[in-house]
Amino acid sequence: MMWLSWRQFRVQALVGAVALAVIVAYLVYVGTDVRDGYDIFQAKCHGRTDCAQATAQFRGAYENTLLFLAAGLALIPAVIGAFWGAPLIARELEANTHTLAWNQSVPRPRWLLTKVLVVGLAAMLLTGAAGAMLTWAAAPFDEVVKNQFSTFVFGARNIAPIGYAALAFTFGTLAGLLLRRTLPAMALTLVAFIAFQFFFANVVRPNIVPAEHATLPMTAEAINEAQSLGSIAGGSVINGVRIPNTPDAWIAGTSPLRTANGRTLEDGKFGDCINTPPKTGAGGTFGDAAVCLAKYDLHVDVSYQPNSRYWTFQTLETAIYLALSGVLAGVSLWRIRRRVN
């Protein structure tokens, strides 16, 4: 049975091996280039306390490329689920070859379990290898930028991609078993898994471990260290703040700008400081706007995860995905034994 499963899967395996070889070759090139840039960065920062300009140059040179690669890696599990998982049973049901396969000496559950193990382990190996190579290639960049908790970066590093591949594959397998049609099962797997990834990263992940909380005074200096002020809706918000004692922390949530009495700063006052601040000649990212806002004695309440919890999140998230994939595989085994004729 193992030999038959491999024989049926050999074409997909060959395509996956070729794709992985191309990915590895390109990531070796990118990783070498990143390390050359890192050497230049270290030379500019050697013996200096202020490396802001060198950091900005190093980040600007590689950030877009690495984000693009992380987004591409995030699609690999969904593609595997659609092209390897969805046809696994649906193709047999469409072609009516299941009547022959299921009337042999091998019971249906064992037939399905063998296929799931052979193809599923290959999916996890391919995605895990791609994730490991991207982790290696981006290691110097991650050391400098320290943005490993961001949505795309977290899901494209270390062991998390292995869990994603397992869940996408078992979801595709169950979708094919329930829908009995290959193309609808493939489409459902692509859409549903990508939607689940977005939901998990933004809703579930921040709450896997209870967050720490802090109140940060928004002085002019603190405002200038943030990434942006305001929002599309025009609210009095600030984005990309940093916690002084733990600058590498993952900021999971940030309140609007609040006055000393805990009330949100009025949008009118916020807009005046952003659009027409009094001229003071102040420097920094936001200059006069930061000085204007600081006069209101503002603060923000943040929830955050210390950087020391990174591997806790990686391990727990991977375990959750593997557990869910086990549940879906169990449902598929139950369904094929009880309901499929």
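## Annotated segments and overall make-up

Residues 12-29 are 100% helix and 0% strand, with 26 Å between the C-alpha atoms at the two ends. This stretch belongs to a predicted model. The unreviewed UniProt entry annotates residues 12-29 as "transmembrane region", and gives the same annotation to 66-90, 111-139, 159-179, 186-204 and 318-336. One of these, residues 111-139, is also 100% helix and 0% strand, and its end C-alpha atoms are 42 Å apart.

The protein chain has twelve helices and five strands. Of its 341 residues, 44% are buried. The chain exposes about 17,600 Å², and 62% of that area comes from carbon and sulfur atoms. When contacts between residues at least 6 apart in sequence are taken, 79% of them join residues at least 24 apart.

## The disulfide

A search of the whole structure gives one disulfide. Its partners are Cys-273 and Cys-292, with an S to S distance of 2.0 Å. Cys-273 belongs to helix 10 (residues 267-275) and Cys-292 to helix 11 (residues 288-294), so the link ties together parts that are 19 residues apart in sequence.

The angle about the S-S bond is -60°, and the link of Cys-273 and Cys-292 is left-handed. Both Cys-273 and Cys-292 are buried.

## Aromatic pairs

The structure holds 17 aromatic pairs. Phe-58 has a relative accessibility of 4% and counts as buried. Phe-141 is buried too, at 6%.

The rings of Phe-196 and Phe-200 have centres 5.9 Å apart and planes at 45°, so this pair is tilted. Both residues lie in helix 8 (residues 182-204); because they are four residues apart there, about one helical turn separates Phe-196 from Phe-200. Phe-196 is partly exposed, with a relative accessible area of 26%, whereas Phe-200 is buried at 2%.

## A ring cluster and a charge over a ring

Ring pairs also build a cluster, which consists of Phe-149, Phe-154, Trp-250, Tyr-310, Trp-311 and Phe-313.

Another arrangement involves a charged side chain and a ring. The charged end of Arg-35 sits over the ring of Trp-136, at 4.1 Å from the ring centre.

## Two residues with positive phi

Most residues other than glycine have a negative phi. Lys-146 is not a glycine, yet its phi is positive, about 55°. Lys-146 is found in the loop between helix 5 and helix 6 (151-155). Its relative accessible area is 37%, and Lys-146 is partly exposed.

Arg-180 likewise has a positive phi, about 65°, although it is not a glycine. The loop between helix 7 (160-179) and helix 8 holds Arg-180. At 32% relative accessibility, Arg-180 is partly exposed.

Technical notes. Residues numbered from 1 in each chain as written. Predicted model: local features only at pLDDT ≥ 70, side-chain atom pairs only at ≥ 80, totals over all residues. Heavy atoms only, no water. Disulfide = S-S within 2.5 Å. Buried < 20%, exposed > 50% of the residue type's maximum accessible area, 1.4 Å probe, protein only. UniProt positions renumbered as here; feature names shortened; annotations may be inferred. Contact = heavy atoms within 4.5 Å. Areas by Shrake-Rupley, 256 points an atom, 1.4 Å probe, with all protein chains shown as cover. Phe/Tyr/Trp six-rings, centres within 6.5 Å; stacked < 30°, edge-to-face > 60°. Lys NZ or Arg CZ within 6 Å of the ring centre and 35° of its normal.
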